[in-house]
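Open the structure in your viewer and keep the sequence beside it. The tour below goes from one selection to the next.

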Amino acid sequence: MAVTRLCCAALLLAVCATAMPAHGQSLSHQGRRLFQMGGMMAAGPGPAEAPAPGPASEGMDIALDWGFNTYPDEEAMVGDSVTFNWNGGTPHGVYRIPDGTCPSSFSPAPPTMEEVGAVAGEGSATFKFDAPGDYWFACQVSGHCASGMLVKFTVA
Ligand SMILES: [Cu+2]
């Protein structure tokens, strides 16, 4: 997409320069501006390149800084998702657990007990709520759940 835009800008520059040679000075000025715009689009890894957010019915993403915090209960709608982000160097992960009790060990038992994000020094893990109900998530690193890495979502 970005490359296509850049080509369009370059093509437009060429067409303008060819079609109206009498005003070469100002056109080359405009052409340069167009080219710069194209370059900005090509270089933009940020918001300009991100897909447009969909309608509300497609759900929103709730971002959580995942660490040794105390998390208030959260609410979400079916179709929403939560994204846990951590990069503090302390290894963390994300595990869905059946209830608000920190498990003594973390091993998969779908659907209410499953790994959402593997343990890593930094990471990002997303879980999408596809049904109403209560969802709990905890960090599966030993002791972290008891230290506050536990959050409840009520999904309607
Ligand atoms: Cu942790």
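This is a predicted model: local features need pLDDT of at least 70, side-chain atom pairs count only at pLDDT 80 or more; totals for chains, interfaces and linings use all residues.

Start by selecting glycine 79. Glycine 79 sits in the loop that runs between strand 2 and strand 3.

From glycine 79 to valine 155 the separation in sequence is 76 residues, and the C-alpha atoms are 9.3 Å apart in space.

Next, colour the sheet that contains strand 2. This is an open sheet of five strands, in the order 2-8-7-4-5, and its pairing is mixed. Strand 2 (74-76) and strand 5 (114-120) form the edges, each pairing on one side only. From one strand to the next, the twist averages 25 degrees.

Inside this sheet, select residues 133-138 and 150-155. These are strand 7 and strand 8, which run antiparallel and are joined by six bridges.

Which order do its strands take? The order is 1-3-6, in an open sheet of three strands with mixed pairing. At the edges are strand 1 (61-65) and strand 6 (123-128), and each of them pairs on one side only. Here the strand-to-strand twist averages 20 degrees.

Select strand 1 together with residues 81-86, which make up strand 3. The two strands run parallel, with five bridges between them. Aspartate 65 can be found opposite asparagine 85 of strand 3.

For the last stop, show side chains in the largest nonpolar core, which has 20 residues. Those touching the most other members are Phe84, Val94, Tyr95, Phe137, Ala138 and Phe153. Two or more residues come from each of strand 3, strand 4 (92-97), strand 7 and strand 8. Which strand gives the most to this core? Strand 7 does, with four residues.

Finish on phenylalanine 137. Setting aside neighbours within four places in sequence, what is phenylalanine 137 in contact with? Its contacts are Val94, Tyr95, Arg96, Ile97, Val116 and Val151. Select these residues together with phenylalanine 137 to end the tour.

Methods: Residues are numbered from 1 along each chain as its sequence is written. Two strands pair if DSSP finds at least two bridges between them. Axes are lines fitted to C-alpha atoms, for helices over the stretch in contact, and angles run from 0 to 180 degrees between N-to-C directions. A nonpolar core is a set of buried Ala, Val, Leu, Ile, Met, Phe, Trp, Tyr and Cys residues joined through C-beta atoms within 7 Å. A residue is buried if 20 or more other C-beta atoms lie within 10 Å of its own, exposed if 12 or fewer, and partly exposed in between; C-beta atoms are placed from the backbone. Two residues are in contact if their C-beta atoms, placed from the backbone, lie within 7 Å.
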